[in-house]
Each structure stands twice: as structure tokens, then as C-alpha cells.
Amino acid sequence: MTLRHCLKALGDRVVIVNAASCFTLLAIYPLSPFRNSWLYTAMASAPAGAQGVRDALDVLIEKGKLDFEEDLKVVVLTGDGSAYDMGLSSTSGALYRNLDFYYICYDNEAYGNTGFQESGATPLGSKTTTTPPGERHPIGSELPKKDLFEIWKSHRPPYLATISPAYPIDLINKFRRAGQHRGPKLFISLAPCPPGWGTDPSRSVDLAKLAVETGVWALKEAVFGEVGHTVVPKRFKPVEEYLRGQGRFAHLFRPARQEETLREIQERVDEYWRLHKLLL
Ligand SMILES: Cc1ncc(C[n+]2csc(CCOP(=O)(O)OP(=O)(O)O)c2C)c(N)n1
């Protein structure tokens, strides 16, 4: 759904540079379900691929072989494994060079395609295939999620946003604002993953909405580093409402409630909103 919304917002004149992930399975050579062009790269190299495509388009325009009006938007599409971990160095390079591109990360909080292994985006307390809850590690993942938004922000690109499939109008408005800027433009979408999260696909939008209503997923943007939150719940729901009912967090509730971890997860969320002066 996120990808559909993003492509609607971007229009047809797009080249997608897709790092290996679940979405690369959408296209089976020589066919692709996309209306636009699509280039497949290794996990770590999508921003480098985007640089090559952007340069080629610029050269064609400069030589008069492509009309300026026929220019294409260059869009990196990756999962969190590439965005938070493997592709970070090529991303930093592209940001440093102020590459004019869009970067869409669909964040399902693990390496989904290979069976849901822990990534830098996996939240504290999540079960993954590399962090199975057991006697020695009862809570599952013991590391907190990296803050990709802040990592990007430290490079001072023109536009950053978090988005959600449950808030399509917010998403479309963000693409409209991003389109006014040349340079790197980031969109991170929380992306419920039924097989990895242990949830029914019919609940995906509700879960994405609950993530926002509980404060777990902050919808925000930053224009040249200036952060603004675009959706702030009037009253935050308890984080437990989001965690409960997801198979990846079931061990925090059964056979016994892991109170300390549940408290820590809630406290981290509260701390974020207090820091931004949106929770008193
Ligand atoms: C360097 C490298 N290591 C491992 C793989 C195998 N691999 C293919 S897709 C994938 C998972 C990607 O995870 P993520 O980026 O989070 O996207 P998702 O699968 O969740 O859509 C892995 C590990 C690979 N293609 N390249």
C-alpha cells in the first residue's frame, strides 16, 4: 500500500532503483508490475546505482538527447536491512554529494525476505529468527531500534519524512513538499509484515494506525533539519495495545508478563515525545 501511495504521489516519470529485498520479487525478468523503469541492485549499492542513473540522465539532457521536460525522478526503494545497515555507507556518500533523488525505505523492522532476521531497525523485545526468545534471552531482541531519521538529518539534506500506509493524505502532502527541493529526500514508512510480525494481513492498516496512536511511530518531517510533527495524537494510547496481538511480541505477555521490558518499551516512547515537548 505504501508503495502504491508513493508511486501515485511521484507520477509516472520515475526510475526505481531497488535494493535486493522482498520488493525485488515483484519483478520477474523480463516482466515488472511497475509502469516505470526499474533497476535491481545489490543490497548495499542502491544509492550508488541511483547516482549512475541520475548522472546518465543529466548527461543526456546536457547533450540535448533528452528534453528537460522528459527528465525522470530517481527513486531508491529498499527495506530496512539496506537502509539501516548494509547500504548506510553508500547512502552517506550520496547524501554527502547532495544527489538529487528520493529514498523510500519500507521498514518492516527485520530482514524479511530471508526469513525475518534482526536488523538495525528491529525494536527492543521483538522476536526474530536470529533473536528467538529463550532461557538466556527471554525478551528477544535486546537492542533498541536505530534512529535512521536522525542519521540522515545529521547530513543536513533538504527533506526527510516518516510516513505510514494508514495516513495516505499525510503521505501525499509530504511528497508534494519534498518535490520543491533538489537533493536527497527520505521517506521511511513503517511497513507491517504479516509473516514476520505474526499478524493477519487484514490487520495491517489498523496496526500501522495503532503505531501512530500509541506514539511508537512518530509522523514527522524535517526541512533542512527543522523538525515538525505532522500527526500528534491528542491522547496517546498505551503501547501495549500495539504490541499485544503481534506474534513477534507474544512472549512479552505469555506465559508470564515481562513487566520490566514492557515498562522500558513504554518509557522509551514517552521519552521521545517528552524530548519533543509533545508529552507533558
Ligand atoms: C550482501 C547480501 N547479503 C545477503 C543477501 C540476501 N538477502 C536478499 S534480500 C535480504 C533481506 C533484505 O532485508 P530488507 O532490506 O529489510 O528488506 P525486506 O526483505 O524486509 O523486504 C537478504 C539478506 C543479499 N542479497 N546480499
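## Glu240, Arg257 and Glu259

Let's start with Glu240 and Arg257, whose side chains form a salt bridge at 2.8 Å, N to O (a salt bridge is a side-chain nitrogen of Lys or Arg within 4 Å of a carboxyl oxygen of Asp or Glu). This pair ties together distant parts of the chain, 17 residues apart: Glu240 is in helix 9 (residues 240-243), while Arg257 sits in the loop between helix 9 and helix 10 (259-275). Helices (H or I, at least four residues) and strands (E, at least two) are DSSP runs, numbered from the N terminus.

Arg257 also meets Glu259 in a salt bridge, this one at 2.7 Å, N to O. Arg257 counts as partly exposed because its relative accessibility is 39%, and Glu259 counts as partly exposed because its value is 38%. (Buried means under 20% relative accessible area, exposed over 50%, partly exposed in between, with a 1.4 Å probe and protein chains only.)

## About the model

This is a predicted model, where local features need pLDDT of at least 70, side-chain atom pairs count only at pLDDT 80 or more, and totals for chains, interfaces and linings use all residues. Residues are numbered from 1 along each chain as its sequence is written, and side-chain values use heavy atoms, leaving out hydrogens and water.

## Asp100 and Lys185

Here's a buried pair: Asp100 and Lys185 are both buried, and they form a salt bridge with their closest N and O atoms 2.9 Å apart. Asp100 lies in the loop between helix 4 (88-96) and strand 4 (101-107), and Lys185 is in strand 6 (residues 184-190), 85 residues apart from Asp100.

## The wider count

The salt-bridge count comes to 19.
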